[in-house]
Amino acid sequence: MTDRLDELRESPSPGSAIRLALSDELRALLNADESGDTLGTVGLTQLYEYIAGRPGTGAAADRTSCLAVTEAAAEAERILACIEESEGGAARHDVPPSAAGPSGDGERDHTVGDAADDLVSDQVARQMGTVGPPEGPLLFNVPQRSDQATRNEAVETFELRDGPSDVTAYHDFRTLQIAFPHVWTEVFDGRLRQLGEELYQEYVKLNGFSGVDVDDATISTLDDLIALMERIRGLGRTVQDDLPTDLRSSPAVPEGTIFDFFGLGDLARRLFDPGGATQAEPQAAQSDVPAIDPTSRLHRLLSRLDKMLAEPYAFDVFARDSVNFGFIATYRQTWTPQNYQVGDLVSTVPLAPKEIRRYTTRRVAKKSRAVKELEDNLTSRRTDAADTSRVSSEIVDRAHEKSNFNLTAREALGGEGFTVESTQSAGGEQGKQSERVKREFRESVLKSAQEYKEQHRIEVETSDSSEQEETAFHEIQNPNDELTVTYLFYELQRTYRISERLHGLTPVVLVANEVPAPHEIDDAWLVQHDWILRRVVLDDSFRPALSYLTESFVGAEAKIRILEDTAVAQKKLVETLRQQLRTQDQILAANERDVLAAAQNLASSTRQEGLLDGILKIFDPLGITGDSDTGAVDAAETIVDYAKETRDRADRERARLTSQLEVAVSALQAAVDRLTAAVTEHYDKVAQIDRLRMHVKNNILYYMQAVWDLEPPDQRFFRLYNIDVPVVTAHTEDRRVTLRRDRGALGALLGHDTALVHLPVPEVTVSTKKLVEVADLDTVLAYRGNYSVFALKENNYFTLRMMQDYLEVGDDLRICDPDEANTYTVDELRERAACLHRTDEEAFGRHREQIKQLLVERLASARKDDDLVVVPTASLYIEALVGTHPLLEDFKLIHRALDVKRVQSDVRRTELENIRLAARSLRGNDEDPDVDRKIVVEGVAAPVTIQTDTA
């Protein structure tokens, strides 16, 4: 601020100056020293106090005192004249009629009879003057039908006057002038510095590994940072294969998580670690040289920096709490409604004779929005298994051994005649029968019926319907019997007269508000200001993202976590069942081996027993030694049966585990589908939120101005009231300024002599005050960047100096346009010149050439007094074009003409009768002319009774 003041003080004086009316008070302060255009000098302190003490500072004044007084005098004279005229009229009405003088009845030029004769002759001549033969042309006094030429003329000259509802509209526009240079600053993304430091540390490690000396260049600009990133990429391609492990790091989303199981590992790493290990590096993709390993920490840092630099990473704003001064010039546009006019031809409607066209205008505004989301997942699985094993065996093993022996001995003693015979018989039967019956009945029934049914149905239906219908019935017809008509529809337009004038000046103070850094524009910031963003968002396409962030974002993340936990638990269950199934497969295989071993043992025992039986049959056919059954076969059979039972149990357990695994896998797939859908939907919305955040960053000042504008006044007051404001005090005690004579004609038109003076820049003292002491904090006048503009409570020397070109100082302080030619319109200059001519004809003659030059400049100026603007309306203008050729045949046209003549004759007869009656009245005959009989009796004294005819 001090440097700017020194610069202004040392620079040559510009041509700007303030215009002063040479009043008696000002002349008293003036140290007269007239020489040429110089009037004298005045103390700067006295001049400043004189100007600051004028009333009406900053108010707009379009008329000078001279013109105002003249018009006021004329208006007063008009009011008095009206009063005098009304009083005189009332006095005249009070005069009695007898005072009016003689009637003058004896001065008639004609007698009553002559007057009657003259009336009859004149009227009869008028009535019979247009009578012609029946074959003559038809004469009538009917307006001529419009043809194309008259129609074009009517359209071109059409004017519709404004109505009582048409009022003048005013629109204000402001321009801001600043006193001192701005204090700029850049608000950087706080993460950029941190990532840059980490990248430099990794760069040092990489150089140490490659044996390259690290340069000591300072990274202080964005170009330095980009150059460092390029050097790291180039060096990384060189040492890619031998990159040390300490320069690598695992990605933010490690492998082997539930996302990898779902096949979403890459997607999750891109979502949860933007710019991380899985994001391809754009520059490296364009080169054939291998890039840095995507899993390395260097790659992650470079990618994150690339993404950050692709977004707005810095805001150029005014430094927080910095203060500046200036003034606001308010220009007011005046829109004065003018006449309506006819525009372009919109449509035509041709109609035949007596044709009627009816049409209906129906305007339907229908808005319907129906959103229906239906998700129906039905999983049905049914398993029926029946396993029946029936073993029924009967073994009959019979051994029947029977030995029969019969021994007979016969002896005979004697001889001839004597014989002794002895017979001995011994016999024996030995039989052995053995029977073994073994009956085994085993029935194993395994039934498994399992049904899994899952139905997941989500149905969301939203319907919003709004319908508005307007119906209007219209009828347009051609009333002619033999002429065509074409109706022409034109667009109706409205004209406005627009003018612009300087309306006001306001000294202001500008205070810079804090703008958040780019990294602070996050989801929390959007949620905090969502109610403001909904009101002022520039594009409605951002509203769904804002609604999702404030209404569903937290719930969606919680839902994803729950679904993820469910999917993880289900995956663990599947892994457990698979492990159990693998264990059961091992058990089943072992049982199979046990059954095989038992069967082999049974076969061996059976073979051994059969071999032993064969030997016994050879050496002991009678079975004296007994049975060869040792029980080994029975034991082996028992072992086989047990092994089979164990195997069957293991098989049934495996079937149960398989069924459970199938159900669990189905449930896992459903959980994965739900999680995938939720993740996809959520991160689609996250991308929209990122788009919204990018939009806010690109338009940060617009949205911050909305935030500051909707801030409660009391909250804004307590946020700003304690800011220190530099106050510049000008030392004007020892300074004097020179007043120069105003040679222009405008001073003469103002009605008094004027002088020009330039306010210099004196020595100053800068102190501080609180903002609440110098500014009106209740109302924000405007915004400029992150500046809030407040009105100053009182004008100071420097704001007055800035506004000196806009000020006229007389009895009060008025504003004017710095361009004298454009300060007043041509009409206003004419009125002022007329005022000067009436009040001081000598001064008018002295300044006549200057006034002429001022008018010439104003008339030749590119800036016109006003502009005429044509605005289309939603209304139409109708004009009819009648056909020139009738469609009736000649006979009918002639017959119609004769009918008209007959009616004319009837009307003429009636008019002649009226003339006769008027003549009777003028001759004093007041009797009824319609009396059929009149009887006059003369010379009879007695009453006479006359019988009237009753027939």
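Predicted model: local features only at pLDDT ≥ 70, side-chain atom pairs only at ≥ 80, totals over all residues.
Two strands count as paired if DSSP finds at least two bridges between them. I started with strand 17 (residues 807-809) and strand 18 on that basis: they pair in the antiparallel sense over 3 bridges. I looked for a residue pair there and found Glu808 standing opposite Arg814 in strand 18.

Next I went to strand 2 and strand 3, which pair in the antiparallel sense over 3 bridges. Asn31 stands opposite Thr41 in strand 3. Moving on one strand, I got 5 bridges between strand 3 and strand 12, which run antiparallel. Thr41 turns up again here, with Thr738 in strand 12 as its bridge partner.

**Whole chain**

The chain has 26 helices and 19 strands, and buried residues make up 31% of its 951 residues. Of the contacts with a separation of 6 or more, 84% are between residues 24 or more positions apart. The accessible surface comes to about 59700 Å², and 50% of that belongs to carbon and sulfur atoms.

**Cores**

How many residues are in the largest nonpolar core? I get 49, and those with the most contacts inside it are Phe325, Val509, Leu526, Val696, Leu771 and Phe790. Helix 17 (residues 632-698) gives the most to this core, with 9 residues. Apart from it lies another core, of 33 residues, and I noted Leu505, Leu759, Leu800 and Ile815 among them.

I clicked on Phe790 to see its surroundings. Leaving out residues up to four places away in sequence, its contacts include Pro507, Val508, Val509, Val511, Arg716 and Leu720. Ala775, Asp776 and Leu777 are also among the residues Phe790 touches.

**Helix 18**

I checked burial in helix 18 (residues 700-709) and found Ile700, Tyr703, Met704, Ala706, Val707 and Trp708 buried. The cover over these residues includes strand 6 (314-318), helix 13 (523-528), helix 14 (530-536), helix 17, helix 19 (713-720) and strand 15 (782-784).

**A helix pair**

How do helix 23 and helix 25 run relative to each other? The axes of helix 23 (residues 826-839) and helix 25 (residues 848-860) come within 10 Å and cross at roughly 170°. Angles over 145 degrees count as roughly antiparallel, so helix 23 and helix 25 are roughly antiparallel to each other. At the contact, Val826, Leu829, Ala833 and Leu836 in helix 23 meet Ile851, Leu854, Leu855, Arg858 and Leu859 in helix 25.

**His171**

Last stop was His171, in strand 4 (residues 169-178). His171 is partly exposed, with a relative accessible area of 37%. Beyond residues up to four places away in sequence, I see it touching Tyr331, Arg332, Gln333 and Trp335. His171 and Tyr331 are 160 residues apart in sequence, yet 8.4 Å apart in space, C-alpha to C-alpha.

Conventions. Residues numbered from 1 in each chain as written. Heavy atoms only, no water. Core = buried A, V, L, I, M, F, W, Y, C linked by side-chain atoms within 4.5 Å. Buried < 20%, exposed > 50% of the residue type's maximum accessible area, 1.4 Å probe, protein only. Helix = DSSP H or I, 4+ residues; strand = E, 2+ residues; numbered from the N terminus. Contact = heavy atoms within 4.5 Å. Areas by Shrake-Rupley, 256 points an atom, 1.4 Å probe, with all protein chains shown as cover. Axes fitted to C-alpha atoms, helices over the stretch in contact; angles between N-to-C directions. Parallel < 35°, antiparallel > 145°, perpendicular 65-115°, else oblique.
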